[in-house]
Amino acid sequence: MDFKQGGQAIQRIRKERGMTQEQLAEITDVASNSISRIERGLLMPALPTLIDICNALGTGADAILSAYVTVDTPIRWTPLAEKLGGLTWRSSIRLRLYLIA
C-alpha cells in the first residue's frame with residue numbers, strides 16, 4: 001500500500017473542492033493535524049474516517065482507495081486461485097458460461 005499516493009489523492013480532491021485542511025477537519029470531526037498527516041502519507045485513515053472524508057469531499061471511495069493500492073502490490077494466491085489457474089481451456093469456458101448464466 002502506498003500511503004503517500006492515497007494522501008495525495010485526498011489532498012488533490014480537497015483542493016479541487018476549494019476546501020482547506022481545517023474545513024475538512026471540521027466537517028469530518030478529525031483533528032487538522034491528522035488530516036495533514038493523512039495527506040502527507042504519514043497516517044492511514046481508519047475506514048470510518050475514510051468514509052467521512054469521502055462524504056465531506058463528495059467523492060466515491062474508489063477515487064481515494066485506488067490510489068492506496070499500487071500496481072506492484074503482491075497478490076496472495078489462495079488454493080482456489082491455484083485450482084482455477086490449472087483449468088483447461090474447455091473447463092475455463094464452461095466455468096465462465098456458468099458464472100454469467
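**Figure 1. Sequence separation of contacts across the protein chain.** Contacts (heavy atoms within 4.5 Å) between residues at least 6 apart in sequence join residues at least 24 apart in 62% of cases. The model is predicted: local features need pLDDT of at least 70, side-chain atom pairs count only at pLDDT 80 or more, and totals for chains, interfaces and linings use all residues. Residues are numbered from 1 along each chain as its sequence is written, and side-chain values use heavy atoms, with hydrogens and water left out.

**Figure 2. Secondary structure and surface of the protein chain.** Seven helices and zero strands make up the secondary structure. Helices (H or I, at least four residues) and strands (E, at least two) are DSSP runs, numbered from the N terminus. The order from the N terminus is α-α-α-α-α-α-α. Of the 101 residues, 28% are buried. Buried means under 20% relative accessible area, exposed over 50%, and partly exposed in between (1.4 Å probe, protein chains only). The accessible surface is about 7300 Å², and carbon and sulfur atoms account for 57% of that. Areas come from the Shrake-Rupley method with a 1.4 Å probe; for residues, only the protein chains shown count as cover.

**Figure 3. The largest nonpolar core.** This core holds 15 residues. A nonpolar core is a set of buried Ala, Val, Leu, Ile, Met, Phe, Trp, Tyr and Cys residues joined through side-chain atoms within 4.5 Å. Ile10, Leu24, Ile35, Ile53, Leu57 and Ile64 have the most contacts inside it. At least two core residues come from each of helices H1 (3-16), H2 (21-28), H3 (32-39), H4 (47-57) and H5 (61-68). H4 gives the largest share, five residues.

**Figure 4. Surroundings of Ile10.** Residues up to four places away in sequence are not counted here. Ile10 then touches Leu24, Ile38, Glu39, Leu50, Ile53, Leu57, Ile64 and Tyr68.

**Figure 5. Ala56 in helix H4.** Ala56 lies in H4. Its relative accessible area is 18%, so Ala56 is buried. Beyond four places in sequence, Ala56 contacts Met19, Leu24, Ile27 and Thr28. Ala25 is 31 residues from Ala56 in sequence, and their C-alpha atoms are 9.4 Å apart.

**Figure 6. A nonpolar surface patch.** Leu97, Tyr98, Leu99 and Ile100 form the patch, with about 530 Å² of accessible area together. Nonpolar patches join side chains of Val, Leu, Ile, Met, Phe, Trp or Tyr within 5 Å, from residues with over 30% relative accessible area and no salt bridge. A salt bridge is a side-chain nitrogen of Lys or Arg within 4 Å of a carboxyl oxygen of Asp or Glu. Ile100 belongs to helix H7 (residues 89-100). Ile100 is exposed because its relative accessible area is 70%.

Conventions:
Patches are made of residues with over 30% relative accessible area and no salt bridge: like charges are joined within 9 Å, nonpolar side chains (Val, Leu, Ile, Met, Phe, Trp, Tyr) within 5 Å.
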